[in-house]
Each structure stands twice: as C-alpha cells, then as structure tokens.
Amino acid sequence: MKKTIHSSEEREKRTEICNIVHRACTQGLMISSYGTISARYDGDNFLITPTNVPRWDLKPEDVVQIKNGEREAGKTPSRSTYLHQAIYKQHPEINSIILTQSPYLMAFAVTGASFNVRTIPESWIFLQDVHTLDFGVQFNGRTEIADIISKSNPAVMIKNDCVIITGNQLLQTFDYLEVAEFSAKSLVMCATLGAMVPINNDQVEELRKKFIG
C-alpha cells in the first residue's frame, strides 16, 4: 500500500498481538523462530506478525497491516498471510488466528497419533473434535483449512507442520491454544498408565445440548 493509516483501534491491536506473542513464548507455546498471530480490526482487514523477526523481540511497529489485499509498505508479513486472509474472508465470526508448533500438539501432528480431546468436558466444549489434515493444505490456493474451520471447530492440525487455532478475540484464541496444548500434554504423560477412557458419544451429545445448543 502507498499510505498506511494507524487508527487507535489498530494501535491497540498491535500491542495486544505483541503481548500474546511474548506470553506464548514464555509458556513454551511458541518458539522465537516460528509462530504467527493475526487479528482482524476492520472488515476483512487485519494485522499479522512479520517474517524474519524473532518473536521474543517483536514490537508493535513490526506488526504488518493488511488492507484491501495489500501489505504495509516496507514490511514483509508472515508467509501464511494468504491462509489468514482466506479464513477471515470466509468466516466473519473469526477475528483472530494463532498458528504455532507447540510441543505436545506437534507430538500428535508428527506421529500421526489420534488427538482425542474427549478427556474432560471443558476440553471438548472449547475445542470439540480437532481434525488433522495432510501436509500441503496450508499453502496458497488450497481451501481445505478455511472450509473446515468454524466457530464450532476452532482448531485444526496440519501433519508435520503446525496447529492452527481460531477464535473471536485474541485472548480467547490463546485460551483455546492453552487448553489444546495441556490436553495433549496430559495424553502424552498419562500414556504409561494405560489407555484413556474418553467421553462417549451420548455424553458428548449431552454436553452439546447443555452448552452449545
């Protein structure tokens, strides 16, 4: 874009993105060299973290504005910008996206083991059933991720690559990431004790009627 306007709302979003990035790094949910966060701020326009900037060092002025399909001049946005753009365009109810490689979720994404969130009611209510898609669907021109993600399916894993979490607000999306990662951690750490006994389909339907409708 030739000219960039920074509204007060946009500046606030920049700071919020940086705070979430630093918090994710502190909690081991994101590493300094990988991870992308974006937030919608006006229609289909959004802010997204840049490429080639260490996450620990991210500052509000580093965040890239994407408006009307154009990027802020002098900055290089994340390589996954096209994916974020497609999700926002298709899902007006989604206002933030986190793409990362948190360790325990990636244990499932890399090994191909089934990630079953039916451990406790809270995990299923927040995440419902997390789908795993083949490597390659995250590239520009593919629609599988945008088609499967929704308010009722906020998370998806890409084999050998990443986990994508979506939500209405950045803090909510980060909460979903925490729930997903800690659920994965509990499954990994408890594997030596025996097989998990998941919440069954009848119980899931009860949860759906009570909390989701």
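Let's begin with a quick one: which strand does Thr 166 lie in? It lies in strand E8. Before I go on, keep in mind that what you see is a predicted model.

So, is Thr 166 buried or exposed? Its relative accessibility is 1%, and buried means under 20%, so Thr 166 counts as buried. And what is it in contact with, if we leave aside the neighbours within four places in sequence? You'll find Ile 94, Ser 96, Ile 97, Ile 149, Ser 150, Pro 154, Thr 173 and Tyr 176.

Okay, on to helix H3, which covers residues 103–111. Here Leu 105, Met 106, Phe 108 and Ala 109 are buried. Now look down the axis of H3: these buried residues fall within an arc of 155°, so they line one face of the helix. What do they pack against? Strand E7 (155–158), strand E8 (162–167) and helix H6 (170–189). E8, remember, is where we found Thr 166.

The crossing, where H3 passes H6, is left-handed. Which residues make the contact? From H3 we have Pro 103, Tyr 104, Leu 105 and Phe 108. From H6 there are Leu 177, Ala 180, Glu 181, Ala 184, Lys 185, Leu 187 and Val 188. Sort the residues of that contact by class and you get nine nonpolar, no polar and two charged.

H6 has another helix to talk about, and that's H1, residues 8–26. This time the angle is about 15° and the axes are 10 Å apart. So H1 is roughly parallel to H6. Here H1 passes H6 in a right-handed crossing. H1 brings Glu 16, Ile 17, Ile 20, Arg 23 and Ala 24 to the contact, while H6 brings Leu 170, Leu 171, Phe 174 and Glu 178. By class, that contact of H1 with H6 has six nonpolar, no polar and three charged residues.

Now for a couple of loops. Where do we find Asn 68? In the loop between strand E3 (64–67) and strand E4 (70–71). Asn 68 isn't a glycine, yet its phi is positive, about 55°. Its relative accessible area is 66%, and the cut-off for exposed is over 50%, so Asn 68 is exposed. Asn 160 is another residue that is not a glycine but has a positive phi, about 60°. You'll spot Asn 160 in the loop between E7 and E8.

Last stop: Arg 208, in helix H7, residues 201–212. Its relative accessibility is 28%, so Arg 208 counts as partly exposed. How far apart are Arg 208 and Trp 124? In sequence they are 84 residues apart, but in space the distance is 9.4 Å, C-alpha to C-alpha.

Note on methods: Residues numbered from 1 in each chain as written. Predicted model: local features only at pLDDT ≥ 70, side-chain atom pairs only at ≥ 80, totals over all residues. Heavy atoms only, no water. Buried < 20%, exposed > 50% of the residue type's maximum accessible area, 1.4 Å probe, protein only. Helix = DSSP H or I, 4+ residues; strand = E, 2+ residues; numbered from the N terminus. Arc of directions from axis to C-beta. Contact = heavy atoms within 4.5 Å. Left-handed = near helix turned anticlockwise from the far one by under 90°. Nonpolar A, V, L, I, M, F, W, Y, C, P; charged D, E, K, R; others polar. Axes fitted to C-alpha atoms, helices over the stretch in contact; angles between N-to-C directions. Parallel < 35°, antiparallel > 145°, perpendicular 65-115°, else oblique.
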